[in-house]
Amino acid sequence: MVVDAHNDLLFELAFRAGEREPFARYWLDQLRQGQVELQVCPVSAPFDLLPEAALRTALEQAAARLRALAENGDDVALVETRADLDRL
C-alpha cells in the first residue's frame, strides 16, 4: 500500500475553493497514477498568522476536505479511526 503522509493538498484545495471540482481536476488522477491508497491530509496554518487568521485558514482547509469528500464520494473515503481503515 502506498501512503502519502505529508502534503499540502488541503491548503491547495482551500486556495482553489472558487474553482469547479478542484480535487478531481488537480489531484485525483495524480494519486491514482502514483497508486496512492491512503492520503494523510494535515490541516496547517503559517506560524506567522494572527490567531484569527490561522483559525480561518484551518477552517477553510477543513471545509475543503468536506467538499472533496462530497464531490468524490465514489473515489475517496474519510478515515478517522483504525476501524475505518479496516473497513476499507
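Reply: What follows starts with the basis of the values, goes on to the core, and then turns to the surroundings.

The model is a predicted one, in which local features need pLDDT of at least 70 and side-chain atom pairs count only at pLDDT 80 or more, whereas totals for chains, interfaces and linings use all residues. Residues are numbered from 1 along each chain as its sequence is written, and side-chain values use heavy atoms, with hydrogens and water left out.

The chain holds four helices and two strands, where helices (H or I, at least four residues) and strands (E, at least two) are DSSP runs numbered from the N terminus, and the order of these elements from that end is β-α-α-β-α-α. Along its principal axes the C-alpha trace spans about 40 × 30 × 20 Å. Of the 88 residues, 22% count as buried, a term that stands for under 20% relative accessible area, with exposed meaning over 50% and partly exposed in between (1.4 Å probe, protein chains only).

The largest nonpolar core consists of ten residues, namely L9, L10, L13, A14, F23, W27, L28, L31, A64 and A68. Helices α1 (9-15), α2 (22-33) and α3 (51-71) are the elements that give two or more residues to this core. A nonpolar core is here a set of buried Ala, Val, Leu, Ile, Met, Phe, Trp, Tyr and Cys residues joined through side-chain atoms within 4.5 Å. In soluble globular proteins, nonpolar side chains tend to be buried together.

For the chain, residues 24 or more positions apart account for 59% of the contacts with a separation of 6 or more.

Among the charged residues, E12 forms a salt bridge with R16, the closest N and O atoms being 2.9 Å apart, and R16 forms another with E19, at 3.0 Å. A salt bridge is counted when a side-chain nitrogen of Lys or Arg lies within 4 Å of a carboxyl oxygen of Asp or Glu. Together with R25, the residues E12, R16 and E19 are linked in a network of salt bridges. E12 counts as partly exposed because its relative accessible area is 23%, and E19 is likewise partly exposed, at 25%.

Helix α3 contains both E71 and R67, which lie four residues apart, about one turn of the helix, and whose side chains meet in a salt bridge of 2.8 Å, N to O. Both count as partly exposed, E71 with a relative accessibility of 34% and R67 with 24%. The whole structure has eight salt bridges.

E21, in the loop between α1 and α2, has a positive phi near 45° although the residue is not glycine, and E21 is partly exposed at 31% relative accessibility. Q35, in the loop between α2 and β2, also has a positive phi, near 55°, but counts as exposed, at 58%.

Conventions. Contact means heavy atoms within 4.5 Å.
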